[in-house]
Amino acid sequence: MTSIVPTLTPELFDSLRQRVEHTLLHLINKNRHTRYVRESPVFCDFRTALDANDESLLETFRATIPLTGYDSYEPFINKLVVQKSNENDVKDMFSPGLPNFIAGSSATSGKKPKLFAKYRHTARSSTQDVDEQANPVSAEGGKNCIVYSLTYREVIEVIGEDKTTVSRFPITSMSSGVIRMQHGVDVDKDPFFITLTAPRATSPVAVSFIVNYRSFLLMHILFALADPQLETVNTLFGYVFVDMIRHMEEEWDALVHAIETGALPDWEGTSHVRQYLEPKFSARPERAAHLRAVGKATEQPGWLKKLWPGLDVVIGIASGVFSVIIPKMQHYLGPDVHMRSLGFTASEAYIGTACSATDLSLFKTTSDDIIEFLDMSGLETASSLVFAHEVKLGHRYEVVVTTRDGLWRYRLGDVIEIAGFDSTDGSPILRYIERRGTSVRVQGVLVGEEELTSAIFSAQDVLGSITEMTVIVDDRKVPSSLAYLVEIDGELSPSADQAPARIEAALGGSNDILMKAFAKGKLAPPTVHVLKTGTFREYRALKIKAAITGTGQIKVPVVLWDQEVQEWMLQRVEKVIARHDE
C-alpha cells in the first residue's frame, strides 16, 4: 500500500503543484464554454474576466470562481432530465456532448436525491482503477462475488433535429452508472447483457437486475455459496456485506437445499430474471454436503473462511460512522481475511483511493479532478481555499471539487484531516472525519456528526457491540433529549444501564454549553433505544423499494429527521435505557 510521509520535499511540492495546475487548465478549457458557465449568474465575474483577458486562466479561476452548491447547479440539471428534450437544448450543458448517465445521490438526509450529469472521458481515470480492483484477476483462478446493482429509476430520451432519438441515458446510482459506462452496458443493450456472466464473477449479470433488496442479496449469496472457489466479495459498503451474511444465516437451510437440488428458490421480485438464472444454476450435492458439515457456525470467529477456504478479501466502505460495522465483519471473516475500502466516493466525484491495508478511513487523493480544501478556521469563502500542495499536516478542511463533469468549486460538505503525503508523488493522504450539516441544534449549539458518533462509541464497552445507529431529537417530553437508536450485536452488556451517563459525559466533555444544559436540566440526559435486530436492514429494503435505486445508495443518516421513519423505528424498540435518576 501507500508509503506516507509527513511533509512534502521541495521536489514533491513542485511536482504536485505542476500536476494540479496542468489538470486545472485542462478542466477550465474543457468546460468553460458549456451552458452552465455561459448562463449561470455565479460565473458572471469569470465570464467578464475572460472577455478582458483570456490568457491568465489559473489566476482568473482563483480570483473569480466562487464556492458553489446545488442551488446554482439544479436549474441546469433539471433541463437535462426532461423527457424527449431537444438535443440543442441540452447538449454541452456541463461538459461537451451529452451525458452517459445521471447519478442520483443517496438522499440520506431525507430530502429528494440530488442529480449529477456524468460524461464519458477518454483518458484513463481513477474509476477505471477502482473497477479493476473491484473484480480482480486471481493467480489461483478464484472467483469474485460482485454485489452491484444495474437497476435504474428512469431512462431519459433526447431527440435530434430530425425527430429521431439521438441518446438514451439512465438516472441511476453512481456505482451502477460507472459499471455501465466502464463496460459499455448501455440500457439498450440490457437484453443482451442480462444473459451473461462476467469473467470471474460468481453471480450472473441477471442478479444485478433484481430490485428487491432481500432477494437481491440472497441470490448473490446463493451463487457465491455454491462456488467453493470464492476469493473476493465486493459489496461497496460494509453494512451491505453484513446484511447479506445475516440473510444467509436466516435462510441457511433453504440455501443449502437449493444448492443440493439445483432448484432456485422463488424469492419475491425474481420472476423477471429466472429464465436467465435457472440455466446457470445446477445441482451440486457434494458442495451442499460440505456446507452441512461446516454448519451454520455463526458464533465462531472466521465462519466464512470455513465455508470458502480461499476467501482472501472483502471490499466495502467502512469509514467515518460506517466504521461501527468493522467488528462484526471481523467476526465473520476471522484474522486471515483482509478488509479493504473501495475508496472515498460520492455522487459528485471520486475523491480518493484506498491506501492503507489496516486503516479503512485513509485515502489518497485522485488526480482526475481538482480537489481544493476549504480551511474551516477562516472565512468560508473561496479566499480560504488551498490546493493539494498547500495543505498542512493535521489540519482539517472541507472538500471542494472542480470536475471533468462540470462542477466548479462545488462544496461536498465532507470534512477530512490531512494525515500525510504519498512519498512517491506527493498526493495528500486524507482521513475521513465527518459530514458537515449532519448535526442537531440543541440549546442554541450545533452538535456535529463526529461528536454524536464519538459519544455513543465511548459507551460500547458498557452497552455492547453496536452494529448501526442513528440519533433523533426526542421531544415527546419536556425537556427534549438526544435519543440514540441502535442495533446491538448479540446480548446487551450487564452494565448497559451505565451507557446514558457515559454518553452524557462524552457530549458534555466536547461542548461546555451542552454540559451546562445537562446540569441545569434544560436538556434531558440522552437515552439509548435498542432496536430489534434487522431494523436498519429492513429500513434499507423499504427505501430501495420506494426509490428503485441501487443497494449502495441507501445509507442510514447519523441524524434522523424524517418523522414517519422515526415513528416506524420507535415501534421496533425492544428496550429503552435511561439514566437511573430519571
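Biologist: Where is arginine 200 found?
Modeller: This is a predicted model, in which local features need pLDDT of at least 70, side-chain atom pairs count only at pLDDT 80 or more, and totals for chains, interfaces and linings use all residues. Helices (H or I, at least four residues) and strands (E, at least two) are DSSP runs, numbered from the N terminus. Arginine 200 sits in the loop between α9 (190-193) and α10.

Biologist: What is the phi of arginine 200?
Modeller: Most residues other than glycine have a negative phi. Arginine 200 is not a glycine, yet its phi is positive, at about 70 degrees.

Biologist: What does arginine 200 count as, by relative accessibility?
Modeller: Buried means under 20% relative accessible area, exposed over 50%, and partly exposed in between (1.4 Å probe, protein chains only). Arginine 200 has 29%, so the residue counts as partly exposed.

Biologist: Is lysine 163 buried or exposed?
Modeller: Lysine 163 also has a positive phi of about 70 degrees without being a glycine. Its place is the loop between β6 (154-159) and β7 (165-172). With a relative accessible area of 69%, lysine 163 is exposed.

Biologist: How are α10 and α11 oriented to each other?
Modeller: Two packed helices are described by the angle between their axes and the distance between the axes. Axes are lines fitted to C-alpha atoms, for helices over the stretch in contact, and angles run from 0 to 180 degrees between N-to-C directions. The axes of α10 (residues 213-225) and α11 (residues 238-250) come within 9 Å and cross at roughly 75 degrees. Because 65 to 115 degrees is the range for this class (under 35 is roughly parallel, over 145 roughly antiparallel, the rest oblique), α10 and α11 are roughly perpendicular.

Biologist: How do the residues of the contact of α10 with α11 divide?
Modeller: Contact means heavy atoms within 4.5 Å. Residues including Leu217, Leu218 and Ile221 in α10 meet residues including Val240, Met244 and Met248 in α11. Ala, Val, Leu, Ile, Met, Phe, Trp, Tyr, Cys and Pro count as nonpolar, Asp, Glu, Lys and Arg as charged, and the others, Gly among them, as polar. The contact of α10 with α11 has nine nonpolar, two polar and two charged residues.

Biologist: Which residue in β22 stands opposite aspartate 474?
Modeller: β21 and β22 (residues 481-488) run antiparallel, joined by eight bridges. In β22, the residue opposite aspartate 474 is serine 481.

Biologist: What arc do the buried residues of α17 cover?
Modeller: Those buried residues are Glu449, Leu452, Thr453, Ala455 and Ile456. They lie on the same side of α17, because the arc they cover around the axis is only 155 degrees. That arc is taken from the directions from the helix axis to the C-beta atoms. An α-helix has 3.6 residues a turn, so residues three or four places apart point the same way; for α17 the arc is 155 degrees.

Biologist: How far apart in space are serine 480 and proline 526?
Modeller: Serine 480 is in the loop between β21 and β22. Neighbours within four places aside, its contacts include Leu523 and Ala524. Serine 480 and proline 526 are 46 residues apart in sequence, and their C-alpha to C-alpha separation is 9.2 Å.

Biologist: Which residue in β4 stands opposite isoleucine 102?
Modeller: β3 (residues 101-104) and β4 run antiparallel, joined by four bridges. Both faces of β4 (residues 115-118) are covered, with Leu115 and Ala117 buried on one side and Phe116 and Lys118 buried on the other. The residue opposite isoleucine 102 is alanine 117.

How values were computed. Residues are numbered from 1 along each chain as its sequence is written. Side-chain values use heavy atoms; hydrogens and water are left out. Two strands pair if DSSP finds at least two bridges between them.
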